[in-house]
Amino acid sequence: MNPLKAGDKAPQFSLPDQDGEIINLSDFAGQRVLVYFYPKAMTPGCTTQACGLRDEMDTLKKANVEVLGISTDKSEKLSRFAEKEMLNFTLLSDEDHKVAEQFGIWGEKQFMGKTYDGIHRTTFLIDKNGVIEHVFDNFKTSNHHQVVIDYLAAHP
């Protein structure tokens with residue numbers, strides 16, 4: 001695994017959202033975008049992380065930050081997840097994990113003694129010019145939103 005770093009150009013991508021609509025990173029040109037990768041919709045940690053962002057959406061909007069959540073789940077599952085948790089941001093389906101690979105966060109993981117390939121929970125703040133401004137990779141699912149908000153407050 002070789003995650004992208006601050007200063008790297010963010011890879012351009014096009015992925016289906018929870019409604020099957022194709023969303024391009026370029027749709028957000030001129031805006032800051034928080035792209036957060038999470039392993040699996042509807043699991044406890046991912047739900048906690050998503051709901052934290054949902055609850056801080058007013059703060060994120062005031063900071064002019066769009067949120068895109070990316071996992072390898074199918075659009076249908078993302079739709080159920082967004083509806084169940086009343087998520088107020090876009091979820092994208094990276095079924096073949098190509099975008100996760102471009103960002104360098106697809107790789108070997110271990111869980112309950114099993115080793116497998118998967119998404120490493122990482123968040124990238126992309127600036128208005130499409131360059132990675134900051135990488136969040138040291139947080140708990142329960143404080144992810146606060147780590148992001150604190151960074152944005154210090155770097156308006």
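Is E85 buried or exposed? With a relative accessible area of 14%, E85 is buried, where buried means under 20% relative accessible area, exposed over 50%, and partly exposed in between (1.4 Å probe, protein chains only).

The views come from a predicted model, in which local features need pLDDT of at least 70 and side-chain atom pairs count only at pLDDT 80 or more, while totals for chains, interfaces and linings use all residues. Residues are numbered from 1 along each chain as its sequence is written, and side-chain values use heavy atoms, with hydrogens and water left out.

**View A. The salt bridge of E85 and K84.** The side chains of E85 and K84 meet in a salt bridge, at 3.3 Å from N to O. A salt bridge is a side-chain nitrogen of Lys or Arg within 4 Å of a carboxyl oxygen of Asp or Glu. E85 is buried, whereas K84 is exposed at 58% relative accessibility.

View B. The structure holds seven salt bridges; among them is the pair R54 and D55, with the closest N and O atoms 2.8 Å apart. R54 is partly exposed, with a relative accessible area of 22%, and D55 is exposed at 54%. Another of the salt bridges joins the side chains of K61 and E66 at 3.4 Å, N to O. K61 is partly exposed at 41% relative accessibility, and E66 is partly exposed with a relative accessible area of 21%.

**View C. The largest pocket.** The largest pocket has a volume of about 330 Å³. Its lining is made by 15 residues, of which P39, K40, T43, K109 and Y116 lie nearest the pocket centre. The elements giving two or more residues to this lining are α1 (44-55), β6 (106-111) and β7 (114-119). Strand β6 gives the most, with four residues. By class, the lining has six nonpolar, five polar and four charged residues.

Terms for this view are as follows. On a 1 Å grid over the protein atoms alone, a pocket is an open set of points where a 1.4 Å probe fits, with protein on both sides within 12 Å along at least five of seven lines; lining residues have an atom within 4 Å of a point. Grid points are joined across faces, edges and corners, and the volume is the space filled by probe spheres set on the points. Helices (H or I, at least four residues) and strands (E, at least two) are DSSP runs, numbered from the N terminus. Ala, Val, Leu, Ile, Met, Phe, Trp, Tyr, Cys and Pro count as nonpolar, Asp, Glu, Lys and Arg as charged, and the others, Gly among them, as polar.

**View D. A nonpolar surface patch.** F111, M112 and Y116 form a nonpolar patch with about 390 Å² of accessible area together. Such a patch joins nonpolar side chains (Val, Leu, Ile, Met, Phe, Trp, Tyr) within 5 Å, from residues with over 30% relative accessible area and no salt bridge. Accessible areas come from the Shrake-Rupley method with a 1.4 Å probe, and for residues only the protein chains shown count as cover. Y116 sits in strand β7 and is partly exposed at 36% relative accessibility.

View E. M86 is not a glycine, yet has a positive phi of about 50°. M86 lies in the loop between α3 (75-84) and β5 (90-93), and is exposed with a relative accessible area of 63%. Phi of M112 is also positive, near 50°. M112 belongs to the loop between β6 and β7, and is exposed at 72% relative accessible area.

Technical notes:
Patches are made of residues with over 30% relative accessible area and no salt bridge: like charges are joined within 9 Å, nonpolar side chains (Val, Leu, Ile, Met, Phe, Trp, Tyr) within 5 Å.
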